[in-house]
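Please read these points with the model open beside you.

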Amino acid sequence: MVAAGRVSGGPSFRAAKVLVAGAGIGGLAAALSLQDAGFDDVVVVEAVPELRPLGAGVNLLPNAVRELAALGLYHEVTRRAVRTSEIRYHNQHGDLIMAEPRGRADGYDWPQLSIRRGELQQVLLDAVRTRLGERALVSDCRVTGVSSRSGAGVDVLHGGQPIRLTADLLVGADGIHSAVRRSLLGGDGEPVWNGQVVWRGMTWAPPLNPANSMIIMGDGVRKAVVYAVTPPRGDGYTLLNWAVSRHFTTAEVDRSDWNRPVPAGRFAHEFVGWRTGGHLLTDLFQAASGCFEYPMIDRDPLPTWSRGRATLLGDAAHAMHPMGSNATTQAVIDARALAYFVALEPDVERALTAYERHRRPVATQVQIANRAMGPEAVIDLVACRAPEGFAAVDDVLPTAELHAICNEYAELAAFDRGSVNTRSPYDTRRARLVGAGECSPSGGSASPAPPHPDDSLPARRITAELVTAAREAT
């Protein structure tokens, strides 16, 4: 049972128990952000019997790196990561469509980082254990039901035994198959599949050329993404994360068993001759420690994330296609924003209303844009117009228009330079000291809350031509 505790400091001083369901990146970041906001009774429950950092590569955009730095984790994360300085978009022939500088190479105060998901999770796990104690992490504890009346009652199976937990605040960070979301908002069926199958793996190999780049290439039907997730080791090799995909019709694909290990021969024939960053893709497939298959799925945007004293974040709230390096980033921003508003507003339900009002419009925009392939749609646009390749990309699509597509995506996802090159807007300690009476989301103050997305971002959408081309490609 989650023990009762008290929160010290500022106008939000009160008895508080916070339960976070899910020990992934978003859930752990939420626990650390809430602790930073003064909540010392935070418990994270995780369904798996043993907490082991797992997963392939993830990207952290500069706005997420800024927030991890605000939690004091910058140096621990960056020493394990690669500072991605450029994204290069190619067609399947290797023709360069555009090169887009990233992170500090693009004038941001913070780098963009590529890192193994397990390494990032380990940094967060270690920080939770240090700051909140071992008892703050409970494994083999699966949520089976939630009641949001007068606090949050949470039914779990812990070690196979049914237990009822109570909390003043429940945070559902339990992923795309979230039990918290299902209990709060009703069943929403299976995740939505867009017809693409993804194969992924990691391979030790010489660095990409150029080094510290992310390379994305495709022909409108097939796509490949390759980037390094570790600094070079002693022999100069780095761990390359790769993911390749192909569009299928439902009739051609066995959908009964997803996210399974498969031999490279299952998909390598689709990418024969594709070369990226100095490597043949087929060589990377064959040298990988393992290859895995899964569908490219997401969830339809939700009309609300919260009910009573329970809310959602990360994939539980807005599972999205892996375009634009945004999924992990959005989970980190969710966590920081949630802690900010809970510290700012003593009434939990009002705090969750403010959190959702601030975050849901941005996350929904990103979900919709990613269904249209996000910035990667530039590849599909060029493939539609020049399937046999090109001598100069300006003959196919003006470079200025290509960059405008990527810049528009950055603005709607709130990671443009103007939004990021400021101090963190989620200063939870400041919020706790100032309090809701002087610093509310709806009123003026000497230290205003983060702007509502409707105030800071004009309504934007990817161009109609881009959406049409992306739909034709899928």
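**Notes on the sheet and the rings**

1. Strand 4 (residues 42-45) pairs with strand 10 in the parallel sense, over two bridges. Two strands count as paired if DSSP finds at least two bridges between them; helices (H or I, at least four residues) and strands (E, at least two) are DSSP runs, numbered from the N terminus. Val45 has Val138 of strand 10 as its bridge partner.

2. The model is predicted: local features need pLDDT of at least 70, side-chain atom pairs count only at pLDDT 80 or more, and totals for chains, interfaces and linings use all residues. Residues are numbered from 1 along each chain as its sequence is written, and side-chain values use heavy atoms, with hydrogens and water left out.

3. The open sheet has five strands in the order 10-4-3-14-23, with parallel pairing. Strand 10 (137-138) and strand 23 (310-312) are its edges, each pairing on one side only.

4. The whole structure holds 12 aromatic pairs. Rings of Phe, Tyr and Trp (its six-membered ring) pair if their centres lie within 6.5 Å; planes under 30 degrees apart count as stacked, over 60 as edge-to-face and the rest as tilted. Trp242 and Phe267 form a tilted pair, with centres 6.0 Å apart and planes at 40°. Both Trp242 and Phe267 are buried (under 20% relative accessible area, with exposed over 50% and partly exposed in between; 1.4 Å probe, protein chains only).

5. Trp305 and Tyr355 also make a tilted pair, 5.8 Å centre to centre with 55° between the planes. Trp305 is buried at 1% relative accessible area, and Tyr355 is buried at 0%.
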